[in-house]
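Me: Please take a close look at a single part of this model, the protein surface around the DNA. Kindly state the cut-offs behind each term.

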Protein chains: 2
Amino acid sequence: MSDELSIGEVARRMDLKPSAIRFYESERLLDPTARRSGRRVYEESVCDRLAVIRLAQRAGFSIAEIRTLFRGFPRGATAATRWQSFVAEKRCELTKKVEELRGMLELLDFLQDCSCPDLDACGAEARKRACC
Amino acid sequence: MSDELSIGEVARRMDLKPSAIRFYESERLLDPTARRSGRRVYEESVCDRLAVIRLAQRAGFSIAEIRTLFRGFPRGATAATRWQSFVAEKRCELTKKVEELRGMLELLDFLQDCSCPDLDACGAEARKRACC
DNA sequence: GTAGTAGCTCAAGTTAACTTGAAGTCAAGG
DNA sequence: CCTTGACTTCAAGTTAACTTGAGCTACTAC
């Protein structure tokens, strides 16, 4: 009943390849991993971390940004402030992105309702919807 | 008052580089362009097309998918059906993506409210929010 | 006529986020 | 003892979406 997981087991659980996990470690998204006779051994908690990484990626964060998310900014007088403004900025980006997706969804709804074979067949009307 | 635009002018208006426009043409997202003494001349309408391309890209469509969007599937008995199911599938993907973005937004809201220096400082609570 | 600016093509380079391959290690099972 | 399978490192390859560079053309201005 040891709660130690091999890299393969973690990969299986999270539906990742081991190489991706090693890559995240090399990018310092994961803390340096404990080893047993050379092999990485993980605690279950690494799965939570990997889940956050996945979520952040799907939300459009780059590896570098996720590193910031986890490791924060260098400590210093204004560290908290910079952290806050990073989050605020990302929040803003995400909000904008959600709106863009809504726009595209509307366009797709339109396309699905009319039964044109393609976008050009719909002509100016679809474009108008897409552009505003 | 000619409504003919050079590639540079289109690029300037749409905030793109000329190379991107040539690339889209080579990928058949734009119809083969009229030439005058070797140079591409565009009508204003190309800007609409480029706007749709940008929107679709931001919504996560690949170049290949956008080509499908514009050019449709090969004509044939089931063309309309395949088109419909392509749009339906993409619609579904987009809806899912919007939900993911919402999840990340919630996480960021949480992070912004608590004033931790980083995600790990927030610990299990933030992760819990991120993972469900 | 010549300098400058913008365009042309085609091949090669760029970046992110991984993946793949080669060459080697380690513990367990037969 | 020897094979098997999962692991290790490190370098190089992959894909998408462009960009950049080289070498050339064509109009405009002086």
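Reply: The surface near DNA strand C draws at least two residues from each of α2 of chain A and α1 (7-14), α2 and β3 (39-42) of chain B. Here a residue is near a strand if its C-beta atom, placed from the backbone, lies within 6 Å of it; helices (H or I, at least four residues) and strands (E, at least two) are DSSP runs, numbered from the N terminus. The model is predicted, so local features need pLDDT of at least 70 and side-chain atom pairs count only at pLDDT 80 or more, while totals for chains, interfaces and linings use all residues. Residues are numbered from 1 along each chain as its sequence is written, and chains are lettered from A and ligands numbered from 1 in the order in which they are written.

The greatest contribution to the surface near DNA strand C is that of α2(A), with three residues. Of the 17 residues around this DNA strand, A:S19, A:A20, A:I63, B:G8 and B:R40 come nearest. By class, the surface near DNA strand C holds five nonpolar, eight polar and four charged residues; Ala, Val, Leu, Ile, Met, Phe, Trp, Tyr, Cys and Pro count as nonpolar, Asp, Glu, Lys and Arg as charged, and the others, Gly among them, as polar.

Around DNA strand D there are 18 residues, of which A:S6, A:G8, A:R40, B:S37 and B:I63 come nearest. Two or more residues of that surface come from each of α1 (7-14), α2 (18-26) and β2 (39-40) of chain A and α2 (18-26) of chain B. The surface near DNA strand D comprises five nonpolar, eight polar and five charged residues.

B:R40, named above for DNA strand C, lies in β3(B), opposite B:R35. In chain B, three strands form an open antiparallel sheet in the order β1-β3-β2, where two strands pair if DSSP finds at least two bridges between them. Because β1 (5-6) and β2 (34-36) of chain B are edge strands with a single partner each, one side of each has no neighbour in the sheet. The antiparallel pairing of β2(B) with β3(B) runs over three bridges.
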